[in-house]
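I opened the notebook for this protein with a plain plan. Overall build comes before single residues.

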Amino acid sequence: MAAPSAATRKKLQRKFRLRGFTLKVDALEEAAAFLARFPDAEDDALDLLLDELDKETLQSSILDRDAVRRVVALLVEAEEAVDAASPAATSSRSALRVVDSFVVPRFHYDPIKKVFYEHTGRLAIHGEAGDKAALYRDRYQVLLQRLARDKYFSKPAFDTVMTEDNNCEITSIQSLIGCTGFFVENTVIVAEGELLSNGIFQVNTCGFPPLEDREASLSMLMGHDFFGGGVIPTEEIVRLSSLEKKAMNDMFVILSDVWLDNSETMEKLGVVLDGYDSVEVVPSLFVLMGNFCSRPCNLAFNSFEELRLQFGKLGEMIAARSRLKEHSRFLFIPGPDDAGPSRALPRCALPKYLTEELQKHIPNAIFVSNPCRVKFYTQEIVFFRQDLLYRMRRSCLIPPTTEETSDPFEHLVATITHQSHLCPLPLTVQPIIWNYDHCLRLYPTPHTIVLGDKSEQKAFKYTGITCFNPGSFANDSTFAAYRPCTKEVELSALES
């Protein structure tokens, strides 16, 4: 690669400095190589590169080659993905956008003005007592404002009537869903009953707050970006929707519990990679979710050097399949027992110490938080790796009804969607970073939710939301393939 000219160096350093970045020498060379692709539109290409870097979760404002290369890979892929006939080819967004939990914007609801406003300022990891109270208040306000728009609750104060004793009676609520779902501590419920003379409210029926259609929720947000990844103009949404419908060949392959220290698991992974490397159109994305080790990476774990080498071997395994390395993306999401600063949610990405050997072989590999969000054109997908089903069943206060379904996974899906939260467990069961509880919200409801769980693989479509668990690859040899164009889920397994 030819060294950039003095004029190009000066331009790059000046433009990056204006955005608050400092370039190392190797990063400057990477940026210059990207500009060389667009000799007639260098300024536009540079602005696009800087815009995408602004959206990245960066450890430092001093950029090295890897940081610039990841974004360049995204932009090059976007250029190839966009229809060549499109006049906006060089300025289009990438079809695939990954959103780390720690950059998801936070919003508060104002019950007086009945509007959401974005939180400004720094969010501390170690919050104060008021932040814990705000966690519960924000959850409640999100559900309350949604409930207030429901047709059964939109009349003044629950359509109340006064009795002879001047007590308040709530008329029959037809939208309650019985006890479908797991009723655990911290979940918000709607109850129908009678206020007795001794001041006790006797509950006859209870249920979760009714769901709201995604489009109805979006219409109330006044253009706010709750999902993360930036607000997309209406014209761009129309164009991306058209491209999404044409992306018939795109496929995501999702595996959970990829134990790198288990030879049998790695052999099975090799079989899966060989199979997809030989198909006519390779998957556009592989999502590998933890745990990445068969043993918990806790204080008693002393094999981090070995785990680092095992990540390197995984990189070699992927790089050996040239078509996958060239045309597929690889997304890594940590599991509940993987290495990290704590077990509190959301969990940050895997430590760089463990992953840098893999990145030498797969430079555009993406390491992200748990949970994380992916935007494919206009489609919003949430990935969450947590053994949630077992913990929900164990913490359940009221046995779920079997009238509508006896499937525990369907009860789990009903719980998290009606609560608009990925993990409505008590904080004593699953700690959550108080100031980042909003990262686990499911409001407005996404198109697809992927729940990586060690329980049996399942797929369930609930009120238009596609939900599935790929199963445990290490234990059951199960995984899933997802086609975002049609929202179809193929539950797969290797033969024993």
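**Entry 1, the whole chain.** I began with contacts, counting heavy atoms within 4.5 Å. Of the contacts in the protein chain with a separation of 6 or more, 70% are between residues 24 or more positions apart. Before going on I noted the ground rules: this is a predicted model, where local features need pLDDT of at least 70, side-chain atom pairs count only at pLDDT 80 or more, and totals for chains, interfaces and linings use all residues. Residues are numbered from 1 along each chain as its sequence is written, and side-chain values use heavy atoms, with hydrogens and water left out.

I counted 14 helices and 20 strands in the protein chain; these are DSSP runs numbered from the N terminus, H or I of at least four residues for helices and E of at least two for strands. The C-alpha trace spans about 90 × 55 × 45 Å along its principal axes.

**Entry 2, burial and charge.** Buried residues make up 52% of the 496. I used under 20% relative accessible area for buried, over 50% for exposed and partly exposed in between, with a 1.4 Å probe and protein chains only. I also looked up charge: there are 54 positive and 68 negative side chains, and the centres of the two sets lie 5 Å apart. Lys and Arg count as positive, Asp and Glu as negative, while His and the chain ends are not counted. Each charge is placed at NZ of Lys, CZ of Arg, CG of Asp or CD of Glu.

I found Gln-430 in the loop between helix 13 (408–418) and strand 16 (448–452). Buried or exposed? Gln-430 has a relative accessible area of 3%, so it counts as buried. Its side chain reaches the backbone oxygen of Arg-343 at 3.1 Å. Leaving aside neighbours within four places in sequence, I listed its contacts, among them Ala-344, Leu-345, Gln-386 and Cys-423.

For reference, most residues other than glycine have a negative phi, and most peptide bonds are trans. Leu-345, from the Gln-430 list, is joined to Pro-346 by a cis peptide bond with omega about -10°. Pro-346 sits in the loop between strand 12 (329–333) and helix 11 (352–361). I noted another cis bond from Tyr-443 to Pro-444, omega near -10°; Pro-444 is in the loop between helix 13 and strand 16.

Then I looked up positive phi. Asp-257 has phi near 65° and lies in the loop between strand 10 (252–256) and helix 8 (263–277). Asp-257 is at 3% relative accessibility and therefore counts as buried. Tyr-377 has a phi of about 55°, in the loop between strand 14 (372–376) and strand 15 (379–385). At 8% relative accessibility, Tyr-377 counts as buried.

My last stop was the loop between strand 8 (190–195) and strand 9 (201–207), where Asn-198 lies. Asn-198 is exposed because its relative accessible area is 53%. A polar atom of its side chain lies 3.1 Å from the backbone nitrogen of Ile-200. From Asn-198 to Glu-118 I noted 43 Å, C-alpha to C-alpha, across 80 residues of sequence.

Technical notes. A polar contact is a pair of N or O atoms within 3.5 Å; within protein, one must be able to donate a hydrogen and the other to accept it, and residues adjacent in sequence count only if both atoms are side-chain atoms.
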